[in-house]
Each structure stands twice: as C-alpha cells, then as structure tokens.
Amino acid sequence: MLRARLLRSSATGIGAGTAIRLAEEGANVVVGDINLPGAQTTATKITERGGSAIAVPFDLADESSVNAMVAKTIEEFGAVQGLFNVGADLSPGNLGRDKTLLDTDFDVWQRTLDVNVVGFVRTARAVLPHLLANGGGSIVNTSSGAAVSATDGKRPAYGASKSAVNALTRHIAKNWGPEGVRCNGVMPGLVMGETQQEQNDVQLQKMFLSHVPTTRLGRPGDLAAAVAFLLSDDAEWINGQVWAIDGGANMRA
Ligand SMILES: NC(=O)c1ccc[n+]([C@@H]2O[C@H](COP(=O)([O-])OP(=O)(O)OC[C@H]3O[C@@H](n4cnc5c(N)ncnc54)[C@H](O)[C@@H]3O)[C@@H](O)[C@H]2O)c1
C-alpha cells in the first residue's frame, strides 16, 4: 500500500501530471512547490477526483523549508515512502541567461546548481532517514537529455546540473540500496507542459520532431507513467538507472 508520496515542485507540467497519476494509483500525495497557488491547483484537481493530496510551499534553495515540508508530510500522513524530485529553476531570469561558457554570468551557475542539484540533495537528505526507518522506499530524480548531449551548444549550467543529478542518483542507489532505498532518474525529452506551451518555441519543436524517431512531442503523462512505475514496488529490482523518456532522442543501450 502506498501511504505518502512526496512530490516536490508539482505545481505544473511533469510534476503536476505525476501527482495526479500517483493519486489515481492510491497514494497520498504532498504537492510541494515554490509556486503555492500552482501546487494548490494540482492538489484540488486530485481531491476533486476523490484522491488524497495536500499542497505545501517550499523552496529547493532553502533547507528549513524542505525540512518543514517533510515534517508536514509526517504530520498529515504518518510516513514518507517515496520522493519525486522534479523542480528546476527554468525561469527567464536564470535559464534564459544560461548561454555559453563565455557569456553566462556566475550567478546563473550558482543559482542553477543550488536549485537543480543541491535542492535535490536537500530533499533527499530530509527524506532518507524516514525511508530507512520504514525499511526502504524509492526516490526518483528528474534529469534531462541535456545531461548526456550538447543539445544546441547552449545552457552549460543547466546541462551540468542535470549531469550532477545523474551522479547523485547513482550515489544514493549505491549507498542505500542494500537497506532498501532505491534511487532512479528520468531524462525527459521535449515535454509540452505549461512552461513549454507558454514558451511555444516552434523551431525547437520542429527540430525535435525532425530528429527524433517518434510520432509526437512528449506529454507530462509520459513521464508520470514511468515515475509511478519506478516509485512502485513493481520496480523493486531497478536501482541506479536513469531512463530516457524521450521518444527515442537518446538511444544508449
Ligand atoms: N518539459 C521538458 O521538455 C523537460 C525536458 C527535460 C527535462 N525537464 C525537467 O523536468 C522537470 C520539470 O519541468 P517541467 O517541464 O514540468 O516545467 P515546470 O516549469 O512545469 O516545472 C518546474 C517546477 O519547478 C518549480 N520550481 C522552480 N524553482 C523552484 C524552487 N526554488 N523551489 C521549488 N520549486 C521550484 C516551479 O514552480 C515549477 O512548478 C525539470 O527538472 C526540468 O529540468 C523538462
């Protein structure tokens, strides 16, 4: 039985789609995000469909808010059994200024690594003792195809942050797998959540469809299905893997 799945940064996009999917499968879901109204919208969608969810504000860059979110989870649902790390600073003021080595300011590097990587460290450190106390659990980290490709030669800080997420995934899997804590990752291709729809980068969409052996762009539900599986007991023997969920953009068999 699922008790509490903790989802960080689930106000929109892949996080929201996954929160809804996990609730449909019977999990109690904590929808955490820096965007509280967005998290509340996701939680309300779940409860209106008869599921169980609460929304909690938190900031990946603020350890005390991460700890408070985990404490709220225990208070509300009694335990934590899983963690889906999905947030990233994709804002125009940060990702939009991540260009090339020569013209990306150091504050962009610092912010990107602090939120996208150290943020996942903060949440994993807060959740891990609870998973161990329960006899195990599952963590899924969100990486990106940018971790394993040079894409268009831009966004070095973002790509480095996602490569680091892959390393963090292996680290957790190796150290706590023997105690029943699995850690895996997902690397999405171009997934059309709210952020991507708003940006509506038609050139990027055309480029993706012309290079990738698939019939369509990605949907949040594509990731939700894979994450739900990796968080479930059916994936008990899958540990330390980072799966490309991208229509075949990165083939690494
Ligand atoms: N959609 C894609 O095409 C794609 C491709 C590769 C990787 N990804 C990864 O998937 C994940 C989800 O992206 P998405 O496309 O659903 O975008 P999204 O904008 O819908 O989701 C990002 C979420 O992170 C939250 N967030 C930002 N800063 C935060 C902070 N400091 N603390 C807490 N939450 C914070 C945002 O409020 C938002 O809800 C990200 O890690 C992204 O890097 C997405």
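This is a predicted model: local features need pLDDT of at least 70, side-chain atom pairs count only at pLDDT 80 or more; totals for chains, interfaces and linings use all residues.
User: What span should helix 5 have, and what do its end C-alpha atoms give?

Analyst: Helix 5 covers residues 156-176, which is 21 residues. At 1.5 Å a residue, the span should be 30 Å. The end C-alpha atoms are 30 Å apart, so the two agree.

User: Which residues of helix 5 are buried?

Analyst: Start with the general idea. An α-helix has 3.6 residues a turn, so residues three or four places apart point the same way. Now the case here. Buried residues of helix 5 include A157, S161, V165, L168, I172 and also Y158, K162, N166, T169 and A173.

User: What covers the buried residues of helix 5?

Analyst: The cover includes helix 4 (106-133) and strand 5 (137-142). Strand 6 (181-188) and strand 7 (242-245) are also part of it.

User: How are helix 4 and helix 5 arranged, parallel or antiparallel?

Analyst: Use the angle between the axes. Under 35 degrees counts as roughly parallel. The axes of helix 4 and helix 5 cross at roughly 15° and come within 8 Å. That makes the pair roughly parallel. Their crossing is right-handed. Among the contact residues are W109, F120 and L132 of helix 4, with P156, L168 and W176 of helix 5. By class, the contact has 17 nonpolar, three polar and no charged residues.

User: Where do helix 1 and helix 2 make contact?

Analyst: Take the axes before the residues. Those of helix 1 (residues 13-24) and helix 2 (residues 36-48) come within 10 Å, crossing at roughly 25°. The two helices are therefore roughly parallel. The crossing is right-handed. Helix 1 contributes A16, A19, I20 and A23, while helix 2 contributes T42, K45 and I46. That contact has five nonpolar, one polar and one charged residues.

Note on methods
Residues are numbered from 1 along each chain as its sequence is written. Side-chain values use heavy atoms; hydrogens and water are left out. Helices (H or I, at least four residues) and strands (E, at least two) are DSSP runs, numbered from the N terminus. The expected span of a helix is 1.5 Å times one less than its number of residues. Buried means under 20% relative accessible area, exposed over 50%, partly exposed in between (1.4 Å probe, protein chains only). Contact means heavy atoms within 4.5 Å. Axes are lines fitted to C-alpha atoms, for helices over the stretch in contact, and angles run from 0 to 180 degrees between N-to-C directions. Angles under 35 degrees count as roughly parallel, over 145 as roughly antiparallel, 65 to 115 as roughly perpendicular and the rest as oblique. A crossing is left-handed if the near helix is turned anticlockwise from the far one by less than a right angle, and right-handed if clockwise. Ala, Val, Leu, Ile, Met, Phe, Trp, Tyr, Cys and Pro count as nonpolar, Asp, Glu, Lys and Arg as charged, and the others, Gly among them, as polar.
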